[in-house]
Amino acid sequence: MIRALYTAATGMNAQELNIDVISNNLANVNTSGYKKSRADFQDLMYQAVVEPGAPTSSSSTTSSGIQVGLGVKAAAVQKVFIQGDLQSTSNQLDVAIEGDGFFQVQLPDGTTAYSRAGAFQMDNAGRLTTSEGFVIDPGVTIPNDALAISIGQDGTISARQPGSSTLSQLGQLTAVRFPNNAGLRATGRNLYQETESSGTPTQGIFGENGYGRLSQGFLESSNVSVVGEVVNMITAQRAYEASSKGIQTADDMLSQAINLKR
Amino acid sequence: MDRGTYSAASGGLVQLRKLEIVNNNLANINTPGFKRQILLTEKQSFESTFAKELESTDPFARGDHDRTPGSTNLQSVVDFSPGPIKNTGNALDVALHQPNDFFVVQTPEGPQYTRAGNFSINAKGELTSMDGMPVLGDGGGITISGPGALINPDGSVNVDGTPVGKLRVVRFEDTSSLMPVGNSRFKTGEGAAAPPNVEAEVIPQSLEMANLSVVSTVVDLMSTNRAFDLYTRMATSIDQVNQSAISQVGRRNS
């Protein structure tokens, strides 16, 4: 009896996590470069109340016994890296990745993080940074007097300086890919870090060998679909509600059993 | 004591067991690859009991002394009907086409079978289930070393266009030998023959969700509750009858 109560409670816990994840997705519906998360569930262990194959008489056995499951657990919350829509911004430092790949970002503590948010800016030294101010790796310095900055499909950054009619090349953005994007650790601020499950990063050139190509003047918008998330939210809420009914029913039956004794 | 009380109690106990199973189904309503369980009972029919009564020629014999009252021989069985397929867009998600097909997962307790196709990759680059157990391909595990993994409808896995393996899919003609072990997996009984491999037919970037609906499960809950209600009422009524028998039968009118 008490088992039924706890089983239903695991269902409520799981749906709570599900709603947490969905809410975070919905909150980031306008965050450029954001990738939605998804909670994955697995059933918990089964308790054999009657072992399968237990004898029911001297000549017969049960075929499947009675196996009572103990509920559900969250197995993982993973990122889903499907492409977000490209949004035109006409800003010359906005770059979107069309396809697989990440930018490399140098964090202040010296470690490397990866990002798909291409809303770049320049710091006071003219270095290309993320909107948070973290320096893009490899570093590209844009002269103060640059008139027009061009970022090619392959990540080549060039600028035209006063008195010159041609563009001079300043550097090139490095593209990075992982065996398993879903295994990356999301650290917030649109950044991801390498984990055992993501595999080791391989570096390459944007637009080549499966690496996505870049589009200047565009931002990759969040890949959260409001309709999809709201539908997920409805199912999660109903599942939560249903599990709560499971608890109520268990409670009801327990009270009826107790009230047998008048 | 009256046999009716025990029959009612036995019926009530079945409902308690059923509630545990229904609650487990409910908790797993969003678990990919989950298969709902059903509790089967063998109840005694009126006909068989009545026949036994007629059989006894002795008018004073109660021909049903040797039977267990109420429901007997409970069994939980797994309903392997397919669940709805949800498109996720995730390259490492796959759903199986045929209802009796399973992926094979290598666990410390031997191979186990699953329909939950939400795979991941571990530190060694092996394709694994969500809890890190290697998923088997045609020749052992499948190692995804580089970026750009893709699973094709025939179960073959490509990394940047280069084939690296093919998902092993087995088919159980008779799924009744499969027992749930948790983690969305099933195992066969001791010494059971290994199921035959079949040509994989998968739906890429999709997941099979649990094969139950909120509505039918909540209806199960309600019917369990009402049935339990009925049995407790039955026990109470029998108790009342006994009480009147004790207190009223043989009372002299003064």
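Reply: A:P138 sits in the loop of chain A between β11 (135-136) and β12 (148-151). The model is predicted. In it, the peptide bond from A:D137 to A:P138 is cis. Its omega is near 0°.

Chain B has backbone features to inspect too. Take B:D160, in the loop between β12 (156-159) and β13 (162-166) of chain B. Its phi is positive, about 50°, although B:D160 is not a glycine.

Next comes B:S184. This residue lies in the loop between β15 (178-182) and β16 (185-188) of chain B. B:S184 is not a glycine either, yet its phi is positive, near 60°. Its relative accessibility is 3%, so B:S184 counts as buried. The cut-off for buried is under 20%.

Now go back to chain A, to helix α1 (residues 2-27). It has 26 residues. At 1.5 Å a residue, the helix should span 38 Å, and its end C-alpha atoms are 38 Å apart, so the two values agree. Some of its residues are buried, among them A:A4, A:T7, A:M12, A:V21 and A:I22. What covers the buried residues of α1(A)? From chain A, the cover includes β1 (37-43), β3 (66-69), β4 (72-79) and α2 (226-258). Chain B takes part as well, through its α1 (3-27).

How values were computed:
Residues are numbered from 1 along each chain as its sequence is written. Chains are lettered from A and ligands numbered from 1 in the order in which they are written. This is a predicted model: local features need pLDDT of at least 70, side-chain atom pairs count only at pLDDT 80 or more; totals for chains, interfaces and linings use all residues. Side-chain values use heavy atoms; hydrogens and water are left out. Helices (H or I, at least four residues) and strands (E, at least two) are DSSP runs, numbered from the N terminus. The expected span of a helix is 1.5 Å times one less than its number of residues. Buried means under 20% relative accessible area, exposed over 50%, partly exposed in between (1.4 Å probe, protein chains only). Contact means heavy atoms within 4.5 Å.
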